[in-house]
Amino acid sequence: MSLLDEVAERDGWRCWVCDEPVDPGMSVNDPRGPSVDSRTADRKAKVAERLAHRGCNSRKGAVKVVIAWPDRLHVAEPAPLITVAGRLERKGGRELVARCPTRQDAQEAADWLVDRFSRLVPGLPVTANTEAGGGQFLVILATGRR
């Protein structure tokens, strides 16, 4: 089995950058085709290679990767998820990641975050909680130390 197939199977044929499906039949030269991304230069990293679309992989080489929050979520001041993931991996603990106008909006954001982090940082046990505060609802990610 090739490295591409091995990484793709492990990642469920989803791009780690945009979280969209990757078509295994697409040419590796097509921007929507599969590629293996060396996500980190850290030799101690548990997951060094990740599946990405060729275009997402190329684009991230030119600019810092930004994991987009879905437009359907009603969040204010959403945190940059790559930065949050890095801190939670290194230190554990809790981190405020967004503010929402309603409890339902906060819960939808929390549910999305747990699902997204399961693919963004596999093996990092992340939970999301919502707390009322100041007339809004806060979304907080938490994890223990690795």
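Thr143 sits in strand β5, which spans residues 136-143; strands here are DSSP runs of E with at least two residues, numbered from the N terminus, just as helices are runs of H or I with at least four. The model is a predicted one, so local features need pLDDT of at least 70 and side-chain atom pairs count only at pLDDT 80 or more, while totals for chains, interfaces and linings use all residues. Residues are numbered from 1 along each chain as its sequence is written, and side-chain values use heavy atoms, with hydrogens and water left out.

Back to Thr143: its relative accessible area is 11%, so it is buried (under 20% relative accessible area, with exposed meaning over 50% and partly exposed in between; 1.4 Å probe, protein chains only). Leaving aside residues up to four places away in sequence, Thr143 touches Leu88, Gly92, Gly93, Leu124, Pro125 and Val126, where contact means heavy atoms within 4.5 Å. Pro125 is 18 residues away along the chain, yet the two C-alpha atoms are 5.9 Å apart. The Thr143 side chain also reaches the backbone oxygen of Pro125, at 2.6 Å. That is a polar contact, a pair of N or O atoms within 3.5 Å; within protein, one must be able to donate a hydrogen and the other to accept it, and residues adjacent in sequence count only if both atoms are side-chain atoms.

Then there is strand β2, residues 49-53, with four of its five residues buried. Strand β2 pairs with β1 (residues 34-38) in the antiparallel sense over five bridges; pairing takes at least two DSSP bridges. Ser35 stands opposite Ala52 of β2.
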